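Visitor: Could you walk me through this model, starting with its surface and then its charged pairs?

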Amino acid sequence: MELSARIMVVDAEDMIGAAICRALERKGYQNLLRVSAGTLDLTDREAVFSWYAENRPEYVFCFAGPHGGIKVNMAHPAEFIYQNLTIQTNLIHGAYQYGVKRLLFMAGNCAYPRECPQPIREEYFQTGVMEQTSVAYSMARCAGIEMCLAYNRQYHTEFIPAIFTNYFGIQDDYSENGHVLASVMRQMHSAMLRQAPELVLWGTGEPRRQFLYMDDLADGAVHIMEYMETPELINIAGGYEKSIREMAEALQTLMGYQGTVRFDASKPNGAMRKLLDNSKLRALGWREQVSWEDGLRDAYQWYVSHAATEAEKV
């Protein structure tokens, strides 16, 4: 990508979009086209196509649509599948229609089957049954990945589908709809404020997740757009594999919560392990930079400064 290229970043005010903008700016890219929910209704086909026609982006970073943890996935499967399918269809087909040079379509790791050999390699895509607690979202993202590959085959586009690991960091979603680390951080901070003697978390605590700091994930996404030659499926992974129990213990140490953390095994675990193989990305010369401890500290400091007032109301 040329430093003066017109680069569209979808959901630029959200966590992933904002981190991608920061990564691009650090590298000297000068012409970012920031799209947010307040400026463009991505479910409106005509509005999206009109935006493409007027702004003519050359490159597109695409991660948009509702997403979140187990609880919100189970509560809103219809919205998750409908809105994600609609948004990604508009963005991908619009990119084809208006001559985008390269698009990166990003999906969470639940796009892989529930039971996969570990670490999960790209060739395991579509080889098994999806995790049922997030199946509506997962199937929508699978459709987006296959749409990119289909357009590449038929129209010779360069639409790169990427599956990323669990991420965390500043600007995370600290509501009850957030992913596991942000959700536990919010619940634990609330327990501290209330001086609660016990914090009960969903599941057994045994599932394992691979955590990557948000700015590392964004840097990996930009690196792929810059250096990947063949537009095929690639994992954005790295960071640190921890059990949910280990993650909670690390947060408890960092935050100083003195109560007891207990797990409710009657609640769903989700997939037991999600460790992505990152051989392809490392072969392109990329490495993560932020340590587990530094990432947790930065995320918690941002939470206390910007989002903790919501927890104080609990």
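Guide: Happy to! Tyrosine 82 sits in helix H4, helices being DSSP runs of H or I with at least four residues and strands runs of E with at least two, numbered from the N terminus. This is a predicted model, where local features need pLDDT of at least 70 and side-chain atom pairs count only at pLDDT 80 or more, while totals for chains, interfaces and linings use all residues. Residues are numbered from 1 along each chain as its sequence is written, and side-chain values use heavy atoms, with hydrogens and water left out.

Visitor: Is tyrosine 82 buried or exposed?
Guide: Buried means under 20% relative accessible area, exposed over 50%, and partly exposed in between (1.4 Å probe, protein chains only). Tyrosine 82 has a relative accessible area of 53%, so the label is exposed.

Visitor: Which helix gives the largest share of the nonpolar patch?
Guide: A patch takes residues with over 30% relative accessible area and no salt bridge, joining like charges within 9 Å and nonpolar side chains (Val, Leu, Ile, Met, Phe, Trp, Tyr) within 5 Å. Here Ile81, Tyr82, Leu85 and Met139 form one on the surface, together about 360 Å² of accessible area (Shrake-Rupley method, 1.4 Å probe, only the protein chains shown counting as cover for residues). Three residues of the patch come from residues 77-97, which is helix H4.

Visitor: How many salt bridges does the structure hold?
Guide: Side chains of opposite charge can pair when their charged atoms come close. The cut-off is a side-chain nitrogen of Lys or Arg within 4 Å of a carboxyl oxygen of Asp or Glu. One network of these links Arg208, Glu241, Glu246 and Arg273. For the structure, the number is 22.

Visitor: How many residues apart in sequence are the parts that glutamate 58 and lysine 101 tie together?
Guide: The closest N and O atoms of this salt bridge are 3.0 Å apart. Glutamate 58 is in the loop between helix H2 (45-55) and strand S3 (59-62), and lysine 101 in the loop between H4 and strand S4 (102-108), so the separation in sequence is 43 residues.

Visitor: Which strand holds the partner of arginine 262, glutamate 198?
Guide: These two form a salt bridge with closest N and O atoms 3.1 Å apart. Arginine 262 belongs to strand S11 (residues 260-264), and 64 residues away in the chain glutamate 198 belongs to strand S7.

Visitor: What is the relative accessibility of aspartate 298?
Guide: Aspartate 298 meets arginine 297 in a salt bridge at 3.7 Å, N to O. Arginine 297 is partly exposed at 34%. Aspartate 298 also counts as partly exposed, at 26%.
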